[in-house]
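The following note sets out numbered remarks on the model shown below. Please read it alongside the sequence and the coordinates.

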Amino acid sequence: MDLTYTPQEEDFRARLREWLAEVLPTLPPKPSPDDWPARRAYDLGWQRALHDAGYAGVHWDASPTTRLIFWEETERAGAPYVGANFVGLLHAGPTIATEGTPAQRERWLPPILRGEEVWCQGFSEPEAGSDLASLRTRARRDGDHYVVSGSKLWTSHAEVADWCELLVRTDSAAPRHRGITWLAMPMDAPGVTVRPLRTLAGSAEFAEMFLDEVRVPVADRVGAENDGWRVTMVTLSFERGTAFAGEVVACRRVLGELAREARAGGRWDDPALRRRLGRLNAEFRALWRLVQWNAGETETAGGGVPGVAGSVFKLRYSHARQELYDTAAAVLGPDCLDLDRPWVLDRLSSLSYTIAAGTSQIQRTIVGERVLGLPKGR
Amino acid sequence: MRLHPTDDQRALRDSLRRLLARRFGAVALRAAVAGPGLDRALWRELGAAGFFALRLPEADGGVGLGLPEAVLAFEEAGRALLPGPLAATCLAAGTVSGAATGETVVTAVDGGGLVEWLDASDTVLGDASGAVPLRSVDPLTPLHRVPAPASVGPPDPVAVLLTAAEQLGTAARVCELAVQHARARKQFGQPIGAFQAVKHLCADMLVRTETARAAVYAAAVTAGPADIAAARLLADEAAGRGSRDCLQVHGGMGFTWESEVHLHLKRAWVRSHRAGGVTESEELLAADLVAGAG
């Protein structure tokens, strides 16, 4: 049991901290959440700054512990989030890096790392959510192109993306996992229609996407035809182990703010509320240790896929986040109904955590079957 | 940075697990429930294996290891439902003669006024005058109540952490028991573990256990009071709720005296009342938030 960082890791942290202190005051003001083009420009500008300072590929080639330090320090310093770069940096990029041809890597990876191109993810469909392998968007071969038709759902950043990592069915006769292919689709191709979806928090964070006879070159297929399921799974849980490190740091900061607000507002004298806050302190301390545990595990597993430990973390964290903002509502009292008060929108957003990227129910099934070895059922 | 036990730490844990399986297996456990009393031969054997002297410096006849090793040892004790005032004796290893070797059994008056294993102990720390026995809910933990306990100050954080380690052992064990049963027991033509309702109970047990494990092991490394209080809350929850879920998975059999499950639940209850109970830890962690120690 060891919680010390190596001299190299400490050095990385010190240099990163120094650079953040220099660069963050020079950033432009954060754009309005509703101004998508401005958000795209802001997020790409941040990635460009990371690139120029030598941090562009930290999510790919750095050790898990180094990545953890990166998330921790950028959050502590109040740096911008990965934002529109999320899919490029944390899913499509690593997938191309692992499964792409040299020409594909040369075409797509540098623009992601330099902050020039935005990717979105076209996986889920109206009839394929938790059961992703039942996806129906079809692609048929026509010479050196695929012709794609169907619809996709929950596509974050679709309005401003240049590329979409798309899962399509290329063999409807094969067993469901074996007839799927991974394509890179340009978002400006004829036949692509994007319609923003408004979340319950009122903002347009994701979209639905309609594909009508969209032509995608066969050369833009990553991996073999009908091998898309495996290609996707290689990196689906790529970042589960440490990507939430920054969010845990942020939650611990919010918790401190809640305690101070409770003191200022007089609710601190309520022992039930005070102890609820104390319990959340325990919860987020433990979650931070779980992040460290997962980083150490991935480190020695040779940078492998932290899928299983990731499920344990995700289950616990998503519920803890909801409890955090429910407690914020208890601290606010009736003010928790005022959307202009802090934490009220966060409380609404937190409701997605037990659903997105695998519902808690699906995660429990994964833990039950893959970790505990319980039999599959119906 | 690697929070996992090292190879040496795992070897220590494994050897203790073998010793406890040999000396305090299912048969010995039943016998202990039927005829309560401390097995002094086992206690000395544990002493010889270094159980009570893990943290004592080698110069003082100890093993010279640290809190992480002690935590792993207490996790094994928790798994095995090992009875006795383990933490009090371990903490007294440097001060009470014979405690380190298992010759002397040491108990202590808890801040809440309860004393475990008073009659079986050779030395009592704290003022136990006027102590009266109560009918303990846990058949493997005799309890006395001290009518007017003297103020004993805040609990020793090491005692809190060792208790958390025992709770972690319980949490891991009841998860294993539930999974074993869910794989073996068939209803409606399939193992009950194939039903999502049962599978998800088991998954939640594992999630609570592994979260508690990260907290307990980290607290063993930092020894910080807030980390220890957090470990305690998480481990108490994992042991208490885990034992109940395990009982639920076992169905009617889980409700019988013959089943092992109730022993885990009752011990978890006893441990959750040590050292001021969960309230003390929650208050400490609440105060920590406004102290800005983050």
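Helices (H or I, at least four residues) and strands (E, at least two) are DSSP runs, numbered from the N terminus. This is a predicted model, in which local features need pLDDT of at least 70 and side-chain atom pairs count only at pLDDT 80 or more, while totals for chains, interfaces and linings use all residues. Side-chain values use heavy atoms, with hydrogens and water left out; residues are numbered from 1 along each chain as its sequence is written, and chains are lettered from A and ligands numbered from 1 in the order in which they are written.

1. Overall form of chain B. Chain B contains ten helices and seven strands. Its C-alpha atoms fill a box of roughly 60 × 50 × 40 Å along the principal axes. The radius of gyration, taken over C-alpha atoms, is compared with a globule rule of 2.2 Å times the number of residues to the power 0.38. For 294 residues a compact globule would have a value near 19 Å, and chain B agrees, with 19 Å.

2. Buried means under 20% relative accessible area, exposed over 50%, and partly exposed in between (1.4 Å probe, protein chains only). By this criterion 56% of the 294 residues of chain B are buried. Contact means heavy atoms within 4.5 Å. Among contacts in chain B between residues at least 6 apart in sequence, 66% link residues at least 24 apart.

3. UniProt positions are given in the numbering used here, feature names are shortened, and annotations may be inferred rather than shown by experiment. An unreviewed UniProt entry lists "domain: Acyl-CoA dehydrogenase/oxidase N-terminal" for residues 6-89 of chain B; this span is 63% helix and 0% strand, with end C-alpha atoms 26 Å apart. For residues 162-270 of chain B, UniProt lists "domain: Acyl-CoA dehydrogenase/oxidase C-terminal" (unreviewed entry). Residues 162-270 of chain B are 79% helix and 4% strand, and the end C-alpha atoms lie 14 Å apart.

4. Helix α1 of chain B. The expected span of a helix is 1.5 Å times one less than its number of residues. For the 17 residues of α1(B) (residues 7-23) this gives 24 Å, in agreement with the 24 Å between its end C-alpha atoms. Gln9(B), Arg13(B), Leu16(B), Leu19(B) and Leu20(B) are the buried residues of α1(B). They lie on the same side of α1(B), because they cover an arc of only 125° around the axis, the arc being that of the directions from the helix axis to the C-beta atoms. Their cover includes α3 (40-48) and α4 (67-80) of chain B. On the face turned away from the buried side, α1(B) carries the exposed residues Asp7(B), Asp8(B), Arg18(B), Ala21(B) and Arg22(B).

5. Helix α7 of chain B and the residue after it. Helix α7(B) (residues 196-222) has 27 residues and reaches 39 Å from its first C-alpha to its last, close to the expected 39 Å. Ala223(B) follows α7(B) and belongs to the loop between α7 and α8 (225-250) of chain B. Although not a glycine, Ala223(B) has a positive phi of about 55°. Its relative accessible area of 39% makes Ala223(B) partly exposed.

6. A positive phi in chain A. Glu213(A), also not a glycine, has a positive phi of about 55°. Glu213(A) is found in strand β7 (residues 206-217) of chain A and is partly exposed, at 43% relative accessibility.
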